[in-house]
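Please follow the chain through its loops, its sheet and its surface, in that order. The cut-offs behind each term are given where the term comes up.

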Amino acid sequence: MRKDIRRVAVLGAGVMGSGIAAHLANAGVPVLLLDIVPPKLSEEDQKAGLKPDDPRFRNKLALKGLEGIKKTKPAPIYSKRFLPLIEVGNFEDDWDKLAECDWIVEVVVERMDIKQKVFARVEEVRRPGTIVSSNTSGLSIKGMTEGRSDDFKQHFLVTHFFNPVRYMRLLELVAGEETLPEVMELMAHFGAFRLGKGIVYAKDTPNFVGNRIGVYGIMATIRAMMEMDYQVDEVDAVSGPAMGRPKSAAFGTVDLVGLDVLAHTVNTLWEGCPDDEEHELFKVPEFIQKMIGNGQLGRKAKAGFFKREKDAKGKKITMVFDWKTGEYRPKQRPDFPSIKKAKGIADVRERIKAVVFADDRGGQLAWRVTRDTLAYASRRFGEIADSIVDMDNALKWGFNWELGPFETWDALGVKEVVGRMKAEGVEPAAWVEEMLAAGNETFYRESAEGRECYDPPSKSYKKEPRPDTFLLLSDIKKDTKAVVFENKNASVVDLGDGVLCVEFHSTLQPKLHPIDEHIIEAIHKGVEIAEQDHRGLVIHHQGENFSAGANLLMILEAATTHQWAMIEEMVRAFQDTTIGLRHAHVPVIAAPFGFTFGGGCEISMGADRVCAAAETYMGLVEVGVGLIPAGGGCLYMVERALAGLDKPVLSNLPFLQKAFENIAMAKVATSGEEARDLGYLRAWDHVEINRDRQLWTAKRMALALADQGYRPPMPMKLNLPGKEGVATIKTMLLNMKITHWISSHDEKIATHLANILCGGDTTINDPVDEQTILDLEREAFLSLCGEPKTQDRIKYMLANNRPLRN
């Protein structure tokens, strides 16, 4: 058996199959995407002049899957550059190519007879030692591999991805009775480090771990709604962020995946788990069966538990399904005090606790569903998985829960919850009571070596398994000496081996980490300390988003009170910070992820290297609030646009076009690789597909530069078109305004931008230095801050979280 996977075949080009193929391409793995030959020419095929032997007809289903990869939003692929890695074909003409593949993953229809026939054909052509897997969510390995050879069974497993494959982190691995340990080890390593997935080891039981508990939770929610007389919009007000769940909440999530898909998954549990003590729960309620019969399948049918329609005034409103009447009515916002209170609680543990233990109508529902789900999860231990960590991770990675069931239980208090369960006639698993009786009051506990989890079979705590390359700042900071500087919104942490890390931890906006004076102070301090006796500096934290940019509220308050000197000093300080990163005498690595907007983008672009997470959404978005980048963003875009040009070419204006479009159109990269396409990242920057390994990789990048004898880059001189270029752009902008593509204020902002990118009052043969561009940035920013329409844009963004066109 090969020790690596160089080429993969995906059998089935539907939504899941094409999603898996796209993500393999994201990882740089060549993939063969196959599907059946259509049974006959359709009317459209005939009109197009296709013949039965035409590859366009024979590969039609695989080509449709590839087209879906290109068009689906959000995109399943990081960059169109990766599309050539996907080769399409069909089960007849291209079947022999399976012999060239190291892993063959089956993603055909969920029918045992069909899967058995596919695997019989696979065995005819696969090389001995080739790994074969199924993406089934419920069929048994024993049944699927019936009649197959020993070598086939030894190299067979289930690889259960969640949809959409790129964005859902969970990958459940399920071994058969004869699967070799080294096969599981290789697939776990490949899944984690090549595909960036979170690996959960599941047992060969229906729906494995994530869907077994997650779908139970949905069905328990529906049961509670019916028995306690709630409505769909009431349930979703409780079962979303207030409970540490996604914004889509319970019924919004069902609409997203499809009511028919939910019904299929529930029926799998009904048929496959006859001995489950909650077996009766896995009956699809009659009102849902009627909805499916009426085609009310969710978002794909534009009607499910919710739908959008226009009211009498033509305004779009959300309608909600009334499960009692079978009719739709306008969605309402329930008046639950506990849910209102939860919005102000950032700590998810405290938030869940406040809701679950509230005595209002929202709290009563939250307790009922949480009680039943936690008890059920405890009773499934040993049956579906042998680790509470795997069970928690499955729900966090597969259903986007902020806390898994056992982490939630810890947050609420295990002893208190068990006591209340038993008083209400609900029995948790016996091992939970045994754990409490032995004096162990939590499922997890912290130790000097990191987090430990309770292991029921050994009745002891064991260190939570984690690769050495997964560095956690929270663990590093357990040594108080590791924090060498700290203020209210940022810290400087010693990572060891001579590398420091500037960590953001905004107290006011912990999800967005806007750049403020505290973060700027920490960056300066990090550079200062690193230059004294360290080898490198990383800028990174492990929150939800790297940074959404500047503190807009502070800018607005200063602008409306005409504190121009304060704004200028603030901008100058930030420019000094980003430019200071590249002038530092130690290598600086920025490691962004999530939202990396405005100032967050400028910090990243100012570093020597970037180690971006694959899911990094990066852009200079200041135009959206009527401003321009003023922390070096324009300078960095100019440098990137002119990289490699030793002499002026005409006016250089064609090369600046991309920089102008990026900033003027506030283009945001939807992945780390697209950030490279747009020029925010350079060829030598790195995109890390597994965010858990991002800090370790960034640290190694800093050490590598230090080992090479790092020296800061020399200041640049830039040949820019000056007034000639500005005049050309102004003509273009005037035409766009006349044809109503842009407003007068858009024109004003873009003219400022043109002046900066073209170098101001210069000519192509009169180079300008970095400081000139920075001065132009700062002057334009101050001027725009004084514009009433810019102030209106900032106010609108702060109030509505979307841009205003004025």
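P74 lies in the loop between α4 (60-71) and β3 (86-90), where helices (H or I, at least four residues) and strands (E, at least two) are DSSP runs numbered from the N terminus. The peptide bond that joins K73 to P74 is cis, with an omega of about -5°. This is a predicted model, in which local features need pLDDT of at least 70 and side-chain atom pairs count only at pLDDT 80 or more, whereas totals for chains, interfaces and linings use all residues. Residues are numbered from 1 along each chain as its sequence is written, and side-chain values use heavy atoms, with hydrogens and water left out.

A cis peptide bond is also found from N163 to P164, with omega near 0°, and P164 belongs to the loop between β6 (156-161) and β7 (170-175). Most peptide bonds are trans, and most residues other than glycine have a negative phi. Against that background, H562 has a positive phi of about 60° although it is not a glycine; H562 sits in the loop between α23 (552-560) and α24 (564-583). H562 is exposed, with a relative accessible area of 55%, on a scale where buried means under 20% relative accessible area, exposed over 50% and partly exposed in between (1.4 Å probe, protein chains only). H740, likewise not a glycine, has a positive phi of about 65° and lies in the loop between α30 (722-738) and α31 (744-757). With a relative accessible area of 71%, H740 is exposed.

Turning to the sheet, one finds an open arrangement of seven strands in the order β15-β16-β17-β18-β19-β21-β23, with mixed pairing; two strands pair if DSSP finds at least two bridges between them. Its edge strands are β15 (483-486) and β23 (686-688), each of which pairs on one side only. On average, neighbouring strands of this sheet are turned by 20° against each other, direction ignored; for such angles, axes are lines fitted to C-alpha atoms, for helices over the stretch in contact, and the angles run from 0 to 180 degrees between N-to-C directions.

Within this sheet, β16 (residues 490-496) and β17 (residues 499-504) pair in the antiparallel sense over six bridges, and V493 stands opposite C501 in β17. Strand β17 is also joined to β18 by four bridges, and these two strands run parallel; here C501 stands opposite V538 in β18. In a regular strand the side chains alternate between the two faces of the sheet. In β18, G536 and V538 point one way and L537 and I539 the other way, and all are buried.

Which helix lies across β16, β17, β18, β19, β21 and β23? Helix α29 (residues 694-707) does so, running at about 165° to β21 (609-613).

Another loop, between α26 (633-642) and α27 (653-664), holds S651. At 15% relative accessibility, S651 counts as buried. Leaving aside residues up to four places away in sequence, S651 touches L720, P721, E724 and I764, contact meaning heavy atoms within 4.5 Å.

V261 is placed in helix α12 (residues 259-272) and is partly exposed, with a relative accessible area of 37%.
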